[in-house]
Every structure is written in structure tokens, then in C-alpha cells.
Amino acid sequence: RRNRKKGKGGGGSVVVCGGLAIGAIVMTALLVFAFVPLASKNSKKSTSDKSIKIVKPLQDTVTSKEKGVAMAEFLHSDFQATTITFYTEKDCKGESFTIGAQDTVEGWYSLCGRNFPGGRDLQGALKSWKPSGDGEIELHLKCDAESYWASLIPKVDACTNFWNWPNTQGIKLLQTSYLSKNQEKYRHSANATTPLYHVIWSGESSRYMGYQTQANYYGFEVSHNDINGRWTRIMTARQPDDLADQFPTFVAKRHPYSRRYGPFNKADGIVKWLSSVDAPKTEVLVLIDPDNWLTNDLTDIAQKIKKGRGAAQRAWYSGSNLVSQLWKEVCKARCDDPVRATAVPYFVHKDDLAVIAPIWRMYTLMLKERTEVDQGFKIKYAGVQIDWGAEMLAWNFACTHAGVDFDVLPNVQVRDVDPPLRKDRISSVKMIHMGRAWLPKGYEPAEQWRHTEGAAWNYRGVQVWCKCNVTADEIYPWPIPDGVDYQSRITLEYL
């Protein structure tokens, strides 16, 4: 056309271009017709043949976007299609069989009405499963309908025991993992600078966690930690919630055990964050809990952290013989090494955390699964709260297992139920562990908020707020009179 406008003809060019286009179409068609029989022929080979695992997902893909992703993966020789293997015994033992995309309907696979090869009912006999490949597997509560509740991620989930509550009845195989893509709402993905330290905590999306998210971030800012540090909420969920636009949030899809034990999300979420393309570049990571509200700058401690040696608060059970006794009973490595009884905040080098986190998750699962079936074990170690505090003990064991030592610090955190903090210690304490708040006895307005719960701490004053109360996100006693202890004042001010 350009040549014709200039009066130079150009008809020959049109013919040549048209001929080339037609030729290209014909060649493409021939390749397609040659490829389909080949794929069909190859499908009769052993299921260990890698080519089948690649070709079949393309046939089961339905959207153009998914086709593009699948084709891109097909062109990379190291791509591994998503599969899952079912076992009749725990720890991935016993009779088994494996399914891939070729066994599904657009990725969906119902566990209902199916049997193991030996004839045993799949749902009744299933005790463990093992995902593999580059994608992920959604778990659904219904046999063949959208009812998502958790995920298995082959990149981080190896053999996983199957629990009949919540009861998974359907699964969906996805050929790509969300960990391989930047999360659009996670603002730290685009950061060009690297801070001295990064404060992180794990939680869920709920009323209970909502006000804690807000107060936790507020404490991070008013204590001036936003100068040298960053802050991230690692949220267990399928997708971002209504707070993700305001508060830096990395979404970690739920592990199936987390419904049975909520604190499992701590190790699990961090493992997924570190395994994602959004993994932090910051060398020093500071792990806290949602109810740890910062009160002072963390720079002085963060500057001292080196690879192989971290720092943390002394745990409440420090000095208990039960800790070393339990370690000897469950340890998998370095069984003769001493265990540092530490608690949040944990200051740790990111390379050390990359090693510690999956081991932390392993010990958490090990301890909790055993307490479910071994009542004697649970009673034996009740003195260190092995039931609810399993993840805390598991952290200590994981650090020992990994060979990462910690400086144990005495006064980094003050708990709500600790004696009222002296004024000379206020500048050295880095955070409170909030839980309850009291107003002075004789302060008449306190009576309108008085709790009947918490009688054991009556000596502190009139209990007017507790995170254990269903109104914790609705009723904030105010104003604060003179004479209020430090922990209560910080709690009520941040709220």
C-alpha cells in the first residue's frame, strides 16, 4: 500500500506477502495434524513418560489465557505437570495411585465414589497424599462443585497426611502456582530500595484480626520503625481482603492442617512467602505476632544480626527441664545440642530463616499430630503448653536442628499479665504483648466497661478490655485517666 501511494506499484509485493502468509498457514496446519497423532500415540506409553504429562494438560485447558500459560510452560523442557498421589497409609506409604490432568475434567477430580486399585474406597482409606509438579492443587469440600477451602503446593508441600476434618471431597489441579507470580496488591514487590530490617507476622482475615492489623501497623509507625524497616502482614487466604490496599499484605493460601491448629499459619505462611517471587531482599527479618505492638525502634538489635546468629526474647518456659526432655524425644538432628528457649520477637538473617522455616513447619505438624492421638504425650508436656504452644516449641527445635544460635534477650517484650512496667524500663522494651487492659480502682467511669472475666488479675484494677471478648473490636474504653499501668495505656491508646 505504501508503494502504491507513492506511485511505485507494489502489486508484486502483495502477491509475495500473500503467498508467504498462505504458506505459513499450510505449514502450521501440517504441523498440527502431525503433532496430534504423535501425541495420541505417545499417550499409550508409560505414565512416567514426561511428554505425556506436558501434552495432556494442554488438551484439558479451556481458556485462552490458560492456553497461553500452558504453551509457555510446554516450551520449557523443565516444566513439570501437576499430579497427586494417594496413599492408604500415613507418611505416603501403602497402596497408592497417581492422577494427572488427563484423569480430570478441566482440572476437576472428585474423590466421591472412587476406589484404590485394590478396591478400597478412596475417601475411607485415604491417609496421605503427595503433590508434585510446578502448579498447585485446590481442595474443595464438595465432590464436584466450587467449595474451596485449602491448597497443596508441590513446591513447599511434600508428603502430607490426610485429615477427615475438614473433609475434602473434590480437588482441582492447576498447572501454575500463585507463588510464581507477583501479587498485585503486595506493594513491597516493587520496592527499589532495601531496608535494614523487615517486620512480619502471620494471621487471617477476620474481625478478630482486623483491629489487630490496624493497631499493629500503627505501632510500627509511631515507634518510628518505618524509618529503617518495612512491615508485612502474611495473611492466610485465597485472595486479598479489604485491608490489603492499606496494609502491606502477602497472601498465603491455606494449608489443610491450619483449620485444626490456627498457629500453624505462622510457619506455613512464611515458608510460602520465602518460596515466592515476592520473597524479601532484606537481610534481617523480625518475626512478631499480631498482638505484639511495637513501642520502640528496633534498629539497635537489627544491626547486630549476622548469618548463623539471631536474637530473641527469653521464652516464659525458659529453664524448664520439659523443653530439653521433649527435644530428646522428638529431635531429628543435633539431638545433643542445647535448645535456646526463645520467644518473639525473633531477629534472624533471611538465609537462616529460609532453612529454619520448613523445619519449623515440620516440627509444628509433628507435635500437633501427636497430641491429637497420644493423650499421655499431651499430658506429659502440658507444663510447656504443648497443645496451643506447639509452634513456639517447634521454632526453638527448628533453630537447634538448623544449627542457628540465638542471643537470648530478657527485656525485649513485656506481656499484659506481667507486673506493671517500671518507668526506667519503658525506653528499652521494644513491644508489648497485648491481651487485657485495666483502669484504676475507684475510677468511676470504668464501671461501665467492667468485665466479669479475668478475676485472677483483680489486683491490677478494673478489667475493661480483653481480646478474648467478642466486643474487642467494638468497645474501646476512653478517655484514659492518670495512674494506668504502661501495658494497659499502650493497648488502649493504640486501639
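Domain 2 (188-408) and domain 3 (435-494) each give at least three residues to the lining of the largest pocket; the domain bounds come from an automatic or database domain assignment. This is a predicted model, in which local features need pLDDT of at least 70 and side-chain atom pairs count only at pLDDT 80 or more, while totals for chains, interfaces and linings use all residues. Residues are numbered from 1 along each chain as its sequence is written, and side-chain values use heavy atoms, with hydrogens and water left out.

**Confidence**
- The chain has a mean pLDDT of 88, with 84% of its residues at 70 or more; pLDDT is the predictor's confidence in each residue, from 0 to 100.
- Residues 1-22 have pLDDT below 50, and this stretch has 6 contacts in the model beyond near neighbours in sequence; a contact means heavy atoms within 4.5 Å.
- Residues 24-76 also have pLDDT below 50, with 39 contacts beyond near neighbours in sequence.
- Where pLDDT is low, predicted coordinates should not be read in detail.

**Largest pocket**
- The largest pocket holds about 1,400 Å³ of space. On a 1 Å grid over the protein atoms alone, a pocket is an open set of points where a 1.4 Å probe fits, with protein on both sides within 12 Å along at least five of seven lines; lining residues have an atom within 4 Å of a point. Points are joined across faces, edges and corners, and the volume is the space filled by probe spheres set on them.
- Of the 48 lining residues, D289, D291, W388, H433 and K467 are the closest to the centre of the pocket.
- Elements that each supply at least two lining residues include β9 (197-204), α6 (207-222) and β15 (342-349); helices (H or I, at least four residues) and strands (E, at least two) are DSSP runs, numbered from the N terminus.

**Backbone features**
- W165, in the loop between β7 (160-161) and β8 (170-174), is joined to P166 by a cis peptide bond with omega of about -15°.
- Not counting residues up to four places away in sequence, W165 touches R259 and R260.
- A cis peptide bond with omega of about 5° joins V344 and P345, and P345 is in strand β15.
- R334, in the loop between α9 (321-330) and β15, has a positive phi of about 50° although it is not a glycine.

**Salt bridges**
- The structure holds 35 salt bridges, each a side-chain nitrogen of Lys or Arg within 4 Å of a carboxyl oxygen of Asp or Glu.
- In one of them, D245 pairs with K185, their closest N and O atoms being 3.3 Å apart.
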